[in-house]
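Please open the model in your viewer and keep the selection panel at hand. The tour below goes from one selection to the next.

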Amino acid sequence: MTQETTTGTGESATVQLDSGDRISSFTARFPDGRVAGRADFIEAQEGRAERIFFHTEVDPEYGGRGFGVLLLREALADSIRQGVTVVPVCPLFARHLTKHGGEYVAEGGAYRTPRRADIGLVGRALKGD
């Protein structure tokens, strides 16, 4: 999945889903391929259709241009399209859903509060277990 879009400052960018064995990311790139930022997540285990978003990072060189919001928006939109529940461990995702969770649900999205077990899954994925 690659979604073409523009940043808050009108710059052209794409957001691409990069699937990994343990950790996947939505990655924001300029047309020339430079990476501006990413939102990392893991898929929940035990057959649950959940994405645990745990880290969003924008290169400091590109900060303040709306890449964090762009990543968040595209990640949430794709989660709706895929019918998965979002688990916001990442502070950016958690703040957004605290403020706008009702709107997200009204658009067809689903989310839930992170549990201790979710943090454990993230830790094991980061360690490669």
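This is a predicted model: local features need pLDDT of at least 70, side-chain atom pairs count only at pLDDT 80 or more; totals for chains, interfaces and linings use all residues.

A search of the whole structure finds 7 aromatic pairs. In the one formed by Phe53 and Phe93, the ring centres are 4.3 Å apart and the planes lie at 10 degrees, so the pair counts as stacked. This pair joins distant parts of the chain, as Phe53 belongs to strand β5 and Phe93 to helix α2, 40 residues apart. For a contrast in geometry, go to Tyr62 and Phe67, whose rings form an edge-to-face pair with 6.4 Å from centre to centre and 65 degrees between the planes; both Tyr62 and Phe67 are buried.

Now widen the view to Phe26, Phe41, Phe53 and Phe93, which together form one aromatic cluster.

Where is the kink in α2 centred? Look at His100, where the kink is about 80 degrees. The buried residues of α2 are Phe93, Leu97, Gly101 and Tyr104, and they pack against β4, β5, α1, β6 and β7. After α2 comes Gly108, with a positive phi near 110 degrees.

Finally, select Arg34 and Phe30: the charged end of Arg34 sits over the ring of Phe30, 4.1 Å from the ring centre.

Methods
Residues are numbered from 1 along each chain as its sequence is written. Side-chain values use heavy atoms; hydrogens and water are left out. The bend at a residue is the angle between axes fitted to the seven residues ending there and the seven starting there. Helices (H or I, at least four residues) and strands (E, at least two) are DSSP runs, numbered from the N terminus. Buried means under 20% relative accessible area, exposed over 50%, partly exposed in between (1.4 Å probe, protein chains only). Contact means heavy atoms within 4.5 Å. Rings of Phe, Tyr and Trp (its six-membered ring) pair if their centres lie within 6.5 Å; planes under 30 degrees apart count as stacked, over 60 as edge-to-face and the rest as tilted. A charge sits over a ring if NZ of Lys or CZ of Arg is within 6 Å of the ring centre and within 35 degrees of the ring normal.
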